[in-house]
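Try each task before reading its solution.

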Amino acid sequence: MHFKSSLTNSLHCKFRQYSLLVAIGSASLLTVNAAHSVELDYQVPPKPIADLVNVPPTPTPKLSPDRKTMLLMEKPSLPPIALVSQPELKLAGLRINPKTSGPSRVYGYARLYLCDVNDPNAKPIPVEGIPDGSRVSDASWSPDGTKVGFTVNSGSDITLWILDVASRKVSKLITNKLNNSYYFDSPYKWVSDGSIIAKLVPLDRGAEPVRSQVPRGPLVQENSGQKRPARTEPDLLKNPDDEKLLEYYLRSQLAHVYLDGRVEPIGEPALYMEASPSPDAQHILTEIVHRPYSYKVSIDRFPYLVETRTIKGQVEKQLADNPLAEEVPIDFSAVPTGPRDFDWRSDADATISWVEARDGGDPKVDAAVRDEVLTLSAPFTGKPETLAQLDLRYSGITWGTGDVALVGESWFKNRKTKTFVVAPDHLSVKPRLLWDRSYEDHYSDPGHPALDLTPRGQSVIHFAPDGSVLLLGDGAGPEGDRPFVDKLDVKNSSPAKRLWRCDAPYYEYPFCVLDREGDMLLTRRESVAEQPQYYLRKLPEKSLQRLTDFPNPNASLANVKKRLLQYKRADGVKLSGMLYLPADFVEGKSKPLPMLMWAYPTEFKSKDAAGQVQDSPYRFVSADYRGPLFALLMGYAVLDDPTFPIVGEGTAEPNDTYVPQLIAGAEAAVNEVVRLGVADRNRLAIGGHSYGAFTTANLLAHTNLFRTGIARSGAYNRTLTPFGFQSEERNFWQAKSIYVDMSPFTYADKIDEPLLLIHGEVDNNPGTYPIQSERLFEAMKGLGGRVRWVVLPAETHGYTSRESVLHTLWEMNQWLDKHVTNAK
């Protein structure tokens, strides 16, 4: 179905400065019985589909420390390709914009609003003064709640700004440029006294190192018998020039910044990854990366020095100097040896916690204790104390008080997770098991503790007046997710008391607890037809006060029909999927429709867990241009995320029977939608992104269920990821037949349905290099298959520019029209 768009010509002329490489096999969209490559100007889909790109997502909230004011952050429209295609440096797993010393892909927010949570008549008030066209990121409240700090990315630099909440005025705090090249950590952090610790671009940085134009000699790498496996990762260092550039951009000047604009340098510039002030504002915990670097692993495995410093920068104690970690096993529960996961204890003045592996970091080694959690308090001259010894791998800690903190551990092989109650101030008290369950079992998930902010701005467990912990959870169940709030006495482990649970036909999630007792909640509430809004819910009065009034952006999808399908695989495993139907479709009366299924399989160790529902039929029908719902505007039915579980119980691994289980799941989904009369068996398409693209190619290779497929940013030859992929821990040489049989590339001669391949030119996802699509295209072309390969310039694993997203929608619309809608 083709719609004429008044936007097409006007937008099309603006996109001519960039082109896409489109490789076409036989029976292409543009030619018949030909095989060639063309440069194609960016295209725009029919207007109803193109309009999906203009739909703004629901703003994101951040609550003030006193829970009285809500900061709402509104995302901008998609950036133009001119912005996305700016130069970027790919260094040790980082992608850096050399203009800004920050991430090359800037998302962030365009506008900020403030809203009084307790005023029933209050409406969000826009914050004025943010420079037009800039991007806001890293917003955080000051400990006293009077200010909000945030960064502004202008496209040429990143600077630190402050919002004064009372006046709603913003201002640039300092003229110094922030260094956010290591963007996994915020470039600034509040100190509990109201000042800020920031990472700045050094004033003596100088000019960027110039890459050598003439080689000095060959690049040589050698291994001397050690086992150094590594999963397939992009953007690794390649030569000494890369090393110099990494040091140039990572080098930061740590500084103490005051709200009056004063800047006090802290020590000498260094390659800081992290710098965190202690809760009492007297110390700084720093992590500094150093040589020798690696060309085989990313920066998180480089050597790094961990130290505590005074707030003025004097080194107090070296906590660790961890070596290069190239020999870590590829198993998912493997970790480097040596101390790791350093952090401040948030409910104490200045106590550091960290973890050390006691099994050498190797899950294949038998050990009674695998991880030990340690603490050390200021002045850091004593001996570290043991907080907990774990028989699984450490998964995190939530601080509360000296009497109660929660420590988690988990194990990938059997999907086990445990949570213990520990008493940080009473280390002689033995940790007590609170929960012991499978993290695959969503139905038994007890939720997570609600959090408070201390007067120092630190996150801790929210305790009710009687000492109970308030738990917020998804509430997964056979009817779909129904979020809840529970009250749990962690001291005696009695069953949790249910305070509230959302009811149909709404999906309502408790964003946070607003009062000590847990009687007042800030929730996000939505339904199939109602845009998500934020509400104040008072449990004793059973009242609901709406705080926001975001307009419904989905005019084209306003009356779409949505429901949860539940059915079974031939072997009895329960399956589900979310069915969407056009507004004018009447079940039992209308003729079956063409259908697009959009899939992403998941591995499980339990059939029971595999059959659980993990979504809600009452979520808003969001106009997400990244998924399959665009097909509704073509008159299609859509089955989104039909569950294709891959199960391996006991000693069996899920991928041992990947292909037959995948086929069984697809057959069950097809049979169900045909039985219901909503889909035409002869007009079905399958599609997916990443591992869903891998699934798509496999289903075309091994079944005749689908007329065509759409595969975006996938990996199709598993021998190109020889040290594991997705949830597969075995390497190629341990499971050679598994790798070969799971690869649709192996069966390219069996793919006799048309396949649309789309891939970002600079895909940054481990394993999904663009060569994966290129090789499958060449194989199918050489074998006479019907295939189209589209390369999106400057795009990574997910497509972000306006031009690329519109063109992707155009490709999918055209492809479905040709090979499903109008197919003979």
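**Exercise 1. Find what share of the protein's residues is buried, then describe its overall dimensions.**

Step 1. Of the 824 residues, 57% count as buried, where buried means under 20% relative accessible area, exposed over 50% and partly exposed in between, with a 1.4 Å probe and protein chains only. This is a predicted model, in which local features need pLDDT of at least 70 and side-chain atom pairs count only at pLDDT 80 or more, while totals for chains, interfaces and linings use all residues. Residues are numbered from 1 along each chain as its sequence is written, and side-chain values use heavy atoms, with hydrogens and water left out.

Step 2. The secondary structure comes to ten helices and 49 strands; these are DSSP runs, helices being H or I of at least four residues and strands E of at least two, numbered from the N terminus.

Step 3. The radius of gyration is 27 Å, close to the 28 Å of the globule rule for 824 residues, so the protein is as compact as a globular protein of that length. The radius is taken over C-alpha atoms, and the rule is 2.2 Å times the number of residues to the power 0.38.

Step 4. Along its principal axes, the C-alpha trace spans about 80 × 75 × 60 Å.

**Exercise 2. Explore the largest nonpolar core.**

Step 1. Such a core is a set of buried Ala, Val, Leu, Ile, Met, Phe, Trp, Tyr and Cys residues joined through side-chain atoms within 4.5 Å. The largest one has 61 residues, and M595, M597, L639, F706, L757 and L776 touch the most other members.

Step 2. Helix α6 (residues 658-675) supplies the largest share of this core, nine residues.

Step 3. Now pick M595: not counting residues up to four places away in sequence, its contacts include Y636, L639, V673 and L684, a contact being heavy atoms within 4.5 Å.

**Exercise 3. Which residues of helix α4 are buried, and what covers them?**

Step 1. In α4 (residues 240-250), eight of the eleven residues are buried: D241, D242, E243, L245, L246, Y248, Y249 and L250.

Step 2. Their cover includes strands β5 (89-91), β6 (94-97), β18 (272-277) and β19 (283-289).

Step 3. At the N-terminal end, N239 caps the helix, with a side-chain oxygen 3.1 Å from the backbone nitrogen of D241.

**Exercise 4. Is R569 buried or exposed?**

Step 1. Locate R569 in the loop between β40 (561-568) and β41 (574-581).

Step 2. Its relative accessibility is 4%, so R569 counts as buried.

Step 3. Leaving aside neighbours within four places in sequence, R569 is in contact with L575, P645, Q661, A664, G665 and A668.

Key. Polar contact = N/O pair within 3.5 Å; in protein donor to acceptor, adjacent residues only side chain to side chain.
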